[in-house]
Amino acid sequence: MKEHNFSKQSFCTLIKKTHAMKKFILFILISSLPLSVLLSQSKGVIYGTVTEKSNGIILPGATVRIEGTAIGTITNKEGEYRLMGVPSGVQRVIVSFLGFNDNAFDIDIQAGANIELNSEMLFSSTDLEEVTVSVQMVGQIAAINQQLNSDALVSVVSADKMRELPDINAAEAIGRLPGVSINRSGGEAQTINIRGFGSSYTAVTLNGIRMVETGSGGRSVNLSNISPELLSHIEVYKSPTADMDGDAVGGIVSLGLRPAPKKPAYEINIGSGYSTLQKVPNYKGNIHLSRRFFDNKLGVIMNTSFNITDRSTQSMSTNYESFLLDTANIPIGYIVEPANDLSLTDLNRSIARFGTNIQADYKYKNGTIVFQGMYNRKNTDTYRQTYSYDALSINAYDLALNKNTVDLYQVMLSFEHNLLWLEIDGTVSNNSTLNRSPYSPSMTFTDPYAYDDSLRLTPTLDHITNKFDYLTYDYSDATMSRMDWEFDSSINRNLSAVLNFKTNFHIGSNIAGFIKFGGKVQFDTRKKVHDPYFQRYDYTAEKDFATARWMELTGEVLEIAPNEKVMIQNFDVSDEYSPFWNGEYSVWPYFPENILSFWYENFNDNSRPVTKEQHLNYYVEESLYASYIMGKLKVGNWLSFVPGVRYEYSNNYYQGQWSSLAGSGNSITGAIKDTSVTKQYGHFLPSAHLKITPVKWMDFRLSYAKTLKRPNYNDIVPTMYVNIGNGSLDDVGNGELKVMIAHSFDASVSFYTGKFGLLSFGVFSKNFTNYMTDIGYFIPSWEAKEMGLTESSWEVRNKPINLPNIGYVKGFEVDVQTNFSYLPKPFDGIILNFNLTRLWSLTHLEKWDKFTYYDPVLRRVIIDFDSSFFYTEEAQLSSQVDLVLNTTLGYEYKGFSFRLSAQYKGLDLLGSINSQETVVSQRYEDAWLRFDLAMSQKIGQHIKLRFNVANLTNTPEKDYIYQPQYWRNESRYGAVYQFGLEYKF
């Protein structure tokens, strides 16, 4: 496939847009200078760090303000703050942090002065006894402070909370926040959904930089690649401000890397455990080294983590073949007939993660420069054995190996520079992901005599698993004719630059705020390579090759069945039974992994391409130019208003392939050609956030934000397979897709005190247009002729389209975070977190109603295009979970810590039905409730022992069709136990 270079005309268009943006930003900057200079006269700056007194823990989200004025700020992730535009004279500085006593300082400000003021906070106690403040308690309070003081709606997971729960990756940790549901694979969270929107609707940033997608077709970031040990915090913004990315209909997940603290830190964590399903050992470790030099000006940090985890799965699945008349359980006109097939899958999956982050920051008088480099690798090795009992007399034994590697790189250089009247920050970054599967062979053995004859005389089985009673377990006639494999890779790269300006102002003593503006340039490339092959050993040439090769390698004759297929007797198949489903069933025979690997490595010389998949390669270039302006108006300590508008312009190029290839070997017919489409569009994205604080312990928030969702790559790339044999157009991409537009409305109320913690309640609604979904229909012969196809009706299968109708997702959230430190001992160590989200959604699916008639002349059924028509039908949004609940009950006593957490995920519609299906075809993931346990004990000043159990109750995951009694698949993963040791130097 050729890689595209923009034409001269497109390049000129980009240059013009870039110049226009530069002029826009320059105009804002020049316009704001007089006001900024005027407001900065006779002003000074106060800066410093806020920490907890007993342990020196940094306190992000602390409030620092000038008493009697509206001038104030909050500390950043490193506990640092900077108060600009402080009036000259003696000013009282108040430092406050929820749950801690306020600190007050009288400072004499001189015009143009830069004064360092550090504050150590003391935990608020209800009695005279000394209170021991735990790291976990401070982490929880810090998260609450960050939520309360943020200009946007945000939920926060602190680093301490991440390390106190048995979350193997970042997705698991994010899944404990309100409004978030997780998508699991192999018993482990991979991606997240926010407020009913799938993972591709969510933006993910790392240290403020947009992360690159790890997949090959969508816009989802697989968060299972990132270890929580590398992170300092996780924030989920559900209604962004104008300085955040606009491509975030669901929300924005902001990940932060651990900074270098002032005190040297050397920490080692090691652990081991096992999975109850396979009973194989797991390993986990983390090394954290950080130190500051040259009077704390230079900070260096290195953080390395690894884990090797068994994520094996056992699954049982079935299918339903037809729907006939029955009025008992389902709508009139349908009945679900008992399934006559059953599949048992035993999947051995080993996941190894390695991540390292190196970061250096240099702090000078007026700013900071930060260099950060991160590398993560995730290796997933799987071996799958599937036993399929498909009909009355056939068994199929499917074997598959896959070795997948995902590499994630990020290099970033950022700076902050502070003047008396202006704050400037910028970032340049280069990110990339490489996802490849270079080793993925599979083969199938079929056994035509699986059951004894008495099964044929049995009219109905009480349960499909009763077919086991009729198995003969004689696999001597099983044969193999074909092996498949493919080489897959996707390379995703992102280069971006961000520049922001911020100037503070105050008018009198009661009005203050800031003006902020900036821009972003981002260039993305995506390349997918898909090379599928197969080998048929019942063809004469390939059979002769395999026979000769087998004799060369083994010295034996390759046994061939009368149907010219390779017999199973050639392979070292074990006669041992394999326990399945907690020993409830036994499967036989057992296929060692080396059967498949040996055959693949020695018998794939005469490979044949899978012609029906040759068109799945593509190449993408996307350019984004964004600018914004926003402000904050604060009246006293009771009202703040943050309006803003963002403009994003995109110039994109998508290259795919059209193919009509068919056949194999020397008989390949058809052709393949490159196709391409160019898309340009721009959108203004306004937002507004209002917070009212009538009393110190309560606030009201109203928020509005307009956001967008760009089409997934595999939807907009103009790909198509002309399946001549079936008369269909498959894998159709739609280069005319538009971006989806959403308008988000939020209202919430929060109650909080240092004594009782946080209680918040919020309602929200997201209204959207141009929602993207698929449609299936037929095109008439005249339209097929215009496309260069044969003159007949062709079926268009699942073409992506936009829905013009307005849809919505709405719901409410409840969040409770508290500790019981005010209770008498020993109950003062109790900690409780609880959140609940309830969701509803509505969209309109586009469908095509087909009418046919019998043509006696042609002697076949003809589609009546004059009577057939398109229509819309209301439906629930795919991936919208109806109810999500998370709760954690903890207890801390001196060096002991205990956490029992529960996660509940309600019913999830896995996919909306298309025009050719009925309501009984809808597939759902059933609700599940999962428990995790974490305990730790501190020994002395340096050692901590840990014990964790993930999926304590061995909760399975199930999905069904239409109603729960029509189960389709159930998967079990087992519990994972881990023992660990942490040592801090």
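In which loop is the place of Asn 951? Asn 951 sits in the loop between β51 (943-950) and β52 (957-961). Strands here are DSSP runs (E, at least two residues) and helices are runs of H or I with at least four residues, numbered from the N terminus.

This is a predicted model, so local features need pLDDT of at least 70, side-chain atom pairs count only at pLDDT 80 or more, and totals for chains, interfaces and linings use all residues. Residues are numbered from 1 along each chain as its sequence is written, and side-chain values use heavy atoms, with hydrogens and water left out.

Asn 951 is not a glycine, yet its phi is positive, near 60 degrees. Asn 951 is buried, at 6% relative accessible area. Buried means under 20%, exposed over 50%, and partly exposed in between (1.4 Å probe, protein chains only). Asn 296 also has a positive phi, of about 70 degrees. Asn 296 lies in the loop between β17 (281-293) and β18 (298-310). It is partly exposed, at 33%.

A cis peptide bond joins Lys 825 and Pro 826, with omega about 5 degrees. Pro 826 is in the loop between β41 (807-819) and β42 (830-849). Lys 825 is exposed, at 59%.

**Salt bridges**

A salt bridge puts a side-chain nitrogen of Lys or Arg within 4 Å of a carboxyl oxygen of Asp or Glu. The count comes to 39. Three of them follow.

| Pair | N to O distance |
|---|---|
| Asp 151 and Lys 632 | 2.9 Å |
| Arg 195 and Asp 746 | 2.8 Å |
| Asp 828 and Lys 825 | 3.2 Å |

Asp 151, in the loop between α2 (135-149) and β9, and Lys 632, in β31 (618-635), are 481 residues apart. Asp 151 is partly exposed at 24%, while Lys 632 is buried at 18%. Arg 195 lies in the loop between β11 (188-194) and β12 (202-206) and Asp 746 in β37 (740-753), so this pair ties together parts 551 residues apart in sequence. Arg 195 is buried at 4%, and Asp 746 is buried at 7%.

**An open sheet**

Five strands form an open sheet in the order β9-β14-β15-β12-β13, with mixed pairing. β9 (153-158) and β13 (209-210) are the edges; each has a single partner strand, so one side of each lacks a neighbour in the sheet. Two strands pair if DSSP finds at least two bridges between them. β9 and β14 (231-239) run antiparallel over 6 bridges. Leu 153 has Ser 239 of β14 as its bridge partner.

**Cores and surface**

A nonpolar core joins buried Ala, Val, Leu, Ile, Met, Phe, Trp, Tyr and Cys residues through side-chain atoms within 4.5 Å. The largest has 41 residues; Tyr 389, Phe 445, Phe 591 and Trp 599 have the most contacts inside it. α6 (593-602) is among the elements that supply at least two residues, and α6 gives the most, with 4. A second, separate core of 36 residues includes Val 732, Phe 768, Tyr 771 and Leu 789.

Buried residues of α6 include Ile 595, Leu 596, Trp 599 and Tyr 600.

Ile 939 lies in β50 (928-939). Ile 939 is partly exposed, at 43%.
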